[in-house]
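Visitor: I should like to discuss this structure in some detail. May we begin with it in view?

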Amino acid sequence: MRISTTQMFDRGVYAMQTQQSDLAKTQLQIATGRKMVVPSDDPVRAARSLELQQSQSVNNQFLQNIGYAQDSMSLVLTRLDGMHDTLQYMRDKFVQAGNAGLAESDRAAIAQDLRSQLDSLVGLANSQDGQGDYLFSGFSSGTPAISLGATAYSYDGDANQRQMQVGASRLVDVSVPGGSSPTTQGLFGVDGDEAKFLNDLRAAIDTIDPATSGGSANAGAGIQAV
């Protein structure tokens, strides 16, 4: 069998190309510090490495979710504490307004203070987290929980509990729904769409304000209702 000059030349070129490829691969291994540079170097090891990368990615996402859940529930608890303190203050003011020796100007001042506190309470009810989600609106997290119409407060969220996945089979709560469910009327005494508790507070404030219809003559009934 005769070997032509062309065949010899082609073989020489192929050998040089192979050596250049091997050299480039060796240089890349040295530069990266890894024996396996491309999946074809070790398909089994490559598949295992991909599984580990995917597992690490999932675990990192769970860690991020845990951080978000902790921040969200810490904010929820802070806002609930604020609501508790505001309601306690309002309770004390209602008791004060029940003093029969108060002048009408005193009751008017208390009523004004209570309305300001009610506004603060609604503001807390409409708190948002760092993502802009409303904490007490349930799944309707893009909608403020409470709105004031022409005559009454309404609840615009729902009764669903938002949760975050923090493990392969673990979910944790990241919000508190303010709406009604089969077993509770929620944070705001929701009756249908009405935020009944807030409306009861508003009506009770009117009963101790001399400038409101009925005035302080109905203060006892309003305080008793609260």
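Visitor: Which exposed residues does the face of α3 turned away from its buried side carry?
Guide: This is a predicted model. The buried residues of α3 include Arg107, Ile110, Leu114 and Leu118. Seen down the helix axis, the buried residues fall within an arc of 145°, so they line one face of α3. The face turned away from that buried side carries the exposed residues Ser105, Gln112 and Asp119.

Visitor: How far apart are the end C-alpha atoms of helix α3?
Guide: Helix α3 comprises 22 residues, residues 104-125. At 1.5 Å a residue, α3 should span 32 Å. The distance between its end C-alpha atoms agrees with this, at 31 Å.

Visitor: Which element gives the most to the largest nonpolar core?
Guide: The largest nonpolar core has 29 residues, and Leu118, Ile146, Phe188 and Leu198 have the most contacts inside it. At least two residues of this core come from each of α2 (43-97), α3, β2 (153-155) and α4 (196-208). With eight residues, the element that gives the most to this core is α3.

Visitor: Is Val176 buried, partly exposed or exposed?
Guide: Val176 lies in the loop between β4 (170-173) and β5 (190-191). Leaving aside neighbours within four places in sequence, Val176 is in contact with Val76, Leu135, Phe136, Gln161 and Leu187. Buried requires under 20% relative accessible area and exposed over 50%. Because its relative accessibility is 21%, Val176 counts as partly exposed.

Technical notes
Residues numbered from 1 in each chain as written. Predicted model: local features only at pLDDT ≥ 70, side-chain atom pairs only at ≥ 80, totals over all residues. Heavy atoms only, no water. Helix = DSSP H or I, 4+ residues; strand = E, 2+ residues; numbered from the N terminus. Buried < 20%, exposed > 50% of the residue type's maximum accessible area, 1.4 Å probe, protein only. Contact = heavy atoms within 4.5 Å. Expected span 1.5 Å × (residues − 1). Arc of directions from axis to C-beta. Core = buried A, V, L, I, M, F, W, Y, C linked by side-chain atoms within 4.5 Å.
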